[in-house]
2 protein chains.
Amino acid sequence: MWIVPEAAIADLVSREASFDAVEKVFAAMAARDAYNFPVVREAIGHEDALYGFKGGFDRAGGTLGLKAGGYWPHNLEKRGLINHQSTVFLFDPDTGKPAAMVGGNLLTALRTAAASAVSIRHLARPDAKVIGMIGAGHQSHFQLRAAVEQMQAEKVIAWNMHPDMLPKLGETAAELGLPFEAVDLDGMTEADVIITITSSFAPTLMADHVAPGTHLTCMGTDTKGKQEVEAALLARATVFCDEVAQSTSIGEAQHAIAEGLISDSDIAEIGAVINGTHPGRQSADEITLFDGTGVGLQDLAVAAAVVETAIEKGVAIEVEM
Amino acid sequence: MWIVPEAAIADLVSREASFDAVEKVFAAMAARDAYNFPVVREAIGHEDALYGFKGGFDRAGGTLGLKAGGYWPHNLEKRGLINHQSTVFLFDPDTGKPAAMVGGNLLTALRTAAASAVSIRHLARPDAKVIGMIGAGHQSHFQLRAAVEQMQAEKVIAWNMHPDMLPKLGETAAELGLPFEAVDLDGMTEADVIITITSSFAPTLMADHVAPGTHLTCMGTDTKGKQEVEAALLARATVFCDEVAQSTSIGEAQHAIAEGLISDSDIAEIGAVINGTHPGRQSADEITLFDGTGVGLQDLAVAAAVVETAIEKGVAIEVEM
């Protein structure tokens, strides 16, 4: 089997490769050629850690396995390690033998940004120019870099709960050659694409903050109780997601569903748009919203691409298991 | 992190070490210092394979992780590989970083035999002399070797659906210096300890085949629908298990529960006997029955012991993840 350590990942994976892998696996999911297993997620009662497994099988891509790991909230302060820790394990679907072990930390950020970017490619207006960012943490930089590659961006506007984090996101915008402006939430009506990437348990972005024709990608909500946008916004928007079961239970849609504003059948998989079985955006005034919860198959897809590249470049470590 | 390949395991793990690891983790489970996560088990629709994850956390032993793998029924005929394929992954509970990857095939056989042996140590009559084996497949040899170390065995009697497999089990008995006799199921009344280790979907061993004072260890039933012994036997016996939730859902007890012959509260964890909070066997006439379904923590416990030995002996492979 092959081993690709975390430190090797940055040189092995591009945003383009992540985009292609995630787009392809979303398509396979919608075509029912790939499915995710039930998620295991446990508060283990030690170090306040959340630990678990996200597995799946992509028959089309021949990818079987899981991402294992979770969130250790004291890693950074206590040990100088990042708090999100994960590892991807791939198995040979023909034999059940382990095929690869791949560091999952950078991959998680890349596959999350890629999901958001896939939704922008397929759902934003072709003339979208202004990107609005809600959130300015670690992940927001990955999101911004991936988003600008899928549109003719001319400007970045941003809001964050802690405004002191905004200048750093401004630096990333500058690197991308884009003007940057910190705005109030009211100012978000200027955006054509809005990315929410926060860990919030109450809505930040309200329906009034969003102009007609906007594409929203809500990437922060992946747990029961979390919420980034007002539920009324989902009732007004055409809602898309990675996986309906996750969207309605742990995603942004959980609240609109609970309030009876929308039902499961109002939510389409982004894969159906990719496959052409759903028309996607149908007018320039339509608000589209992508609820990205993060599925195991995304991790497996980008990890499989990394392993292939690592073998080609001769940097994968081979061990006989 | 450390890697211990499958081929290295045989030289690294003894039955004694497996016994100690499994006994300790059963005790930790009963003391609520260790718990198993929900099991993921998926028929993936490829190669007729069953694939999944059994995870857990043992706070007492500092062991966190999972066994991943499953059953590929065509491996042997198509590829000369064993059908059960699994790998154990251990994580550092303080940081969430991967700590070890260990071949899980031999370990699965050893931890299953160790569970059975732990139940014999704690529940069989001290004067038990005759071991009855129901089943003569691959696992039965591991079971027999582990069992005889926990009693003053004088004889092995055995029954198997296919009698042509019995002579091979007789060879193992001979190696252990024990006389061996193939018997009808009626002949099992001679046994003081009976081990059932078959993949049966209908009861083989009936209540009339078991004499008073016998200790039964039922090790073959680990899936909904499987059954090795008549449900009435569980009503007559004092029933013990590794984990009550598994015993009543996928273990031998599922049938007695479904028929209303016993209830959850009639089943005790073997760990409670180890810890001394349950008296265990209380008379020489009592029938005791251990329902061993196999929990992830057993795998993690023996894998952790193997890693320790492998590091000591200098055979663990170190990789920087």
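Predicted model: local features only at pLDDT ≥ 70, side-chain atom pairs only at ≥ 80, totals over all residues.
User: What makes strand S11 and strand S13 of chain B a pair?

Analyst: Strand S11 (residues 193–196) and strand S13 (residues 215–218) of chain B run parallel and are joined by 4 bridges. Pairing takes at least two DSSP bridges, so these strands qualify. Residues are numbered from 1 along each chain as its sequence is written, chains are lettered from A and ligands numbered from 1 in the order in which they are written, and side-chain values use heavy atoms, without hydrogens and water.

User: Why are strand S10 and strand S16 of chain A called edge strands?

Analyst: The open sheet of chain A has 8 strands with parallel pairing, in the order S10-S9-S8-S11-S13-S17-S15-S16. Strand S10 (180–182) and strand S16 (267–269) of chain A each pair on one side only. From one strand to the next, the twist averages 20°. Strands here are DSSP runs of E with at least two residues, while helices are runs of H or I with at least four.

User: How do you know that S8 and S9 of chain A pair?

Analyst: Strand S8 (residues 130–134) of chain A and S9(A) run parallel and share 5 bridges. Within this pair, A:Met133 stands opposite A:Ala158. H5(A) packs on the sheet, touching S8, S9 and strand S11 (193–196) of chain A, and its direction makes about 165° with that of S8(A). Such angles run from 0 to 180 degrees between N-to-C directions.

User: Why is the link between A:Glu149 and A:Arg15 called a salt bridge?

Analyst: Their side chains meet at 2.9 Å, N to O. The rule asks for a Lys or Arg side-chain nitrogen within 4 Å of an Asp or Glu carboxyl oxygen, so the pair passes. The partners are 134 residues apart: A:Glu149 lies in the loop between helix H5 (138–148) and strand S9 (155–159) of chain A, A:Arg15 in helix H2 (residues 15–30). Over all chains, the search finds 24 salt bridges.

User: What makes up the interface of chain A and chain B?

Analyst: Each chain gives 45 residues to the contact, which means heavy atoms within 4.5 Å. Between chain A and chain B the count of salt bridges is 0. By class, the side of chain A that touches chain B has 26 nonpolar, 10 polar and 9 charged residues, where charged means Asp, Glu, Lys and Arg.
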